Amino acid sequence: MKGYKKLIAFGDEHLPTAHAARLRILLDVIEYEKPDIIISGGDMINCDCLSDYSKTHDKLVGLQKELKQAHAWIESINKVAPKAEKVLLEDNHFFRRLADKMTREHWLSDLEDMKPENQLKLNKYGWTAQSEYNYKDVLLIMHGDGSGGSSANPVNQARKDANKYGITVVRFHSHCTGFELHKNYNGEVGAIQLGTFEDAQKAGYIKHGGLNNWTTSFGLFYLSETAKEFFFVPSYFINDKCVLNGRLYK
């Protein structure tokens, strides 16, 4: 669309328990749409081995193994969108957990190689890590781990943040999907919650596959190059298929 940049936002891949078929479809979408900007909303890998939760050894996946899967996933995105600007949002599963470990072990705190962005080789792959992505102070994309949200009301925390900042907020973290549009003194303001690419049947801390509002979704945004405005096109998965801009992906 002339005068607009395309941005595709997705997140919560949770490698290695991601839904492989849906990630493949996402790559097909990216390759076809050719976005100018790609935002991965955080929690690309699980990092359960870094968590303080009780766990058994047989449930653990080594951090190096997860990092290698992340490198392969980043490379696959680069392959289908070599020219796009790419951003990974800082999250709780890796960035915060690793920071907690480094705080407790002071000798780790200044080691450059221990920084999560360096572990993920973001500089090598042409990505950047950011705490949030702000477009012209009208669109704020965040991981959103400061508050848990609710699967029963999937946009409640996004709505609170949108009201707090007076701009549209796109949030991940809660593995839910929802969209509301509100009117305030700045014009139309959205509260957007995007879902997860983690497979509910594989996630270790889910007791069953029917968790309320555990959904897979992503968003396409058209960002005006001249005005302080954007448009949002949601896409969600039904039976491992999704539709975007009239095109079926399966």
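**Sheets and helices**

Mentor: Six strands make an open sheet in the order 4-3-2-1-10-11, and the pairing is mixed. Strands here are DSSP runs of E with at least two residues, helices are runs of H or I with at least four residues, and both are numbered from the N terminus. Two strands pair if DSSP finds at least two bridges between them.

Trainee: Which strands stand at the edges?

Mentor: Strand 4 (127-130) and strand 11 (230-236); each has a single partner strand, so one side of each is left without a neighbour in the sheet. On average, neighbouring strands of this sheet are turned by 20° against each other, direction ignored. Axes are lines fitted to C-alpha atoms, for helices over the stretch in contact, and angles run from 0 to 180 degrees between N-to-C directions.

Trainee: Before we go on, what kind of model is it?

Mentor: It's a predicted model: local features need pLDDT of at least 70, side-chain atom pairs count only at pLDDT 80 or more, and totals for chains, interfaces and linings use all residues. Residues are numbered from 1 along each chain as its sequence is written, and side-chain values use heavy atoms, with hydrogens and water left out.

Trainee: Okay, how many bridges join strand 2 to strand 3?

Mentor: Four, between residues 37-40 and residues 85-89, and the two strands run parallel. Ile 38 has Lys 86 in strand 3 as its bridge partner.

Trainee: And which strands does helix 1 touch?

Mentor: Helix 1 (residues 20-33) packs on the sheet against strand 1 (4-10), strand 2 and strand 10 (217-224), and its direction makes about 175° with that of strand 1. Contact means heavy atoms within 4.5 Å. Helix 2 (residues 63-80) also packs on this sheet, touching strand 1, strand 2, strand 3 and strand 4.

Trainee: Switching topic: what's the strand order in the five-strand sheet?

Mentor: That open sheet runs 5-6-7-9-8, with mixed pairing. Strand 5 (132-135) and strand 8 (178-184) are at its edges. Strand 7 and strand 9 are parallel, with three bridges, and Val 170 is opposite Ile 192 in strand 9.

Trainee: Which residues of helix 6 are buried?

Mentor: In helix 6 (residues 156-165), they're Asn 156, Gln 157, Ala 158, Asp 161 and Ala 162. Buried means under 20% relative accessible area, exposed over 50%, partly exposed in between (1.4 Å probe, protein chains only). Those buried residues pack against strand 6 (139-142), strand 7 (168-171) and strand 9 (187-193).

Trainee: What follows helix 6?

Mentor: Gly 166, with a positive phi near 75°.
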